[in-house]
Amino acid sequence: MSHRTRSGSPVRPLGQRRWLPALLLALLLVLAPPAWALDLKVNDVTLDPCPADDVAAQPDLRRAAAPSCYAMRGTVLNSSRKPVVDTDVFALIVDASGEPVLQNRSRVGSIGDVPPGRSTFALRVSVPAGTPEPIRFRNVKARGFSAPVRVRAGVDDELLPLEQELAQ
């Protein structure tokens, strides 16, 4: 038995309104456009011990069990015409025997927003104590987004020492 409205037309159950999901998706895309992931080229990467005056180096607190601090520096190329935001750097960091140093993760850190063109970056990497040196890296990549995906830092937020060094 089918139900009818007062005008005599049949009433369709909600599941038969095929246009409704498409309308909801279109509305969602208009109100909150997606943040597409973008890959950036990374070049000239170095991995050196943190400077002795860096806060993370903690020369007065050196212990046999303390993790070692390394600074990963390089350049990143944003070939698009728009800034790439919330950019993360990924790399495989290995010890002298080729074993991964950072177990089960390849994200090294965040370099924030990358303007169009070539930019420099620096990240602090903590390596577990007792890791056989030399520490090496492979497969360095950067990936960011076309729109913010994280809570943004405020204007009054302080820069880390490596970021301050790059800003000067």
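Leaving aside neighbours within four places in sequence, Ile93 is in contact (heavy atoms within 4.5 Å) with Leu47, Met72, Glu99, Pro100, Val101, Leu102, Val108, Val125, Ile135, Arg136 and Phe137. The model is predicted: local features need pLDDT of at least 70, side-chain atom pairs count only at pLDDT 80 or more, and totals for chains, interfaces and linings use all residues. Residues are numbered from 1 along each chain as its sequence is written, and side-chain values use heavy atoms, with hydrogens and water left out.

Ile93 also belongs to the largest nonpolar core, which holds 23 residues. A nonpolar core is a set of buried Ala, Val, Leu, Ile, Met, Phe, Trp, Tyr and Cys residues joined through side-chain atoms within 4.5 Å. Buried means under 20% relative accessible area, exposed over 50%, and partly exposed in between (1.4 Å probe, protein chains only). Met72, Val76, Ile93 and Phe121 touch the most other members of this core. At least two core residues come from each of strands S1 (37–49), S2 (68–78), S3 (84–94), S4 (107–114), S5 (117–127) and S6 (136–145). Strands are DSSP runs (E, at least two residues), numbered from the N terminus.

The six strands form an open sheet. Their order is S4-S3-S6-S1-S2-S5, and the pairing is antiparallel. S4 and S5 stand at the edges with a single partner strand each, so one side of each lacks a neighbour in the sheet. From one strand to the next, the twist averages 25 degrees. For this angle, axes are lines fitted to C-alpha atoms, and values run from 0 to 180 degrees between N-to-C directions. Strands of a sheet pair through backbone hydrogen bonds, either parallel or antiparallel. Two strands count as paired if DSSP finds at least two bridges between them.

Four bridges link S1 and S6 in the antiparallel sense. Ala37 stands opposite Phe145 of S6, and Leu40 stands opposite Ala142 of S6. S1 and S2 also run antiparallel, joined by seven bridges. Here Leu47 has Met72 of S2 as its bridge partner. Both Leu47 and Met72 are among the contacts of Ile93.

One disulfide is counted, the criterion being a pair of cysteine sulfur atoms within 2.5 Å. This disulfide joins Cys50 to Cys69, with an S to S distance of 1.9 Å. Cys50 lies in the loop between S1 and S2, and Cys69 lies in strand S2. The pair links distant parts of the chain, 19 residues apart. The angle about the S-S bond is -55 degrees, and the link is left-handed. Cys50 is buried, with a relative accessible area of 9%. Cys69 is also buried, at 9% relative accessibility.

Two further residues were examined. Ser119 is placed in strand S5. Its relative accessibility is 14%, so Ser119 counts as buried. Not counting residues up to four places away in sequence, Ser119 touches Gly74, Thr75, Val76 and Val114. Gly98 is in the loop between S3 and S4. With a relative accessible area of 26%, Gly98 is partly exposed. Gly98 and Arg136 are 38 residues apart in sequence, and their C-alpha atoms are 8.3 Å apart in space. Arg136 is also one of the residues in contact with Ile93.
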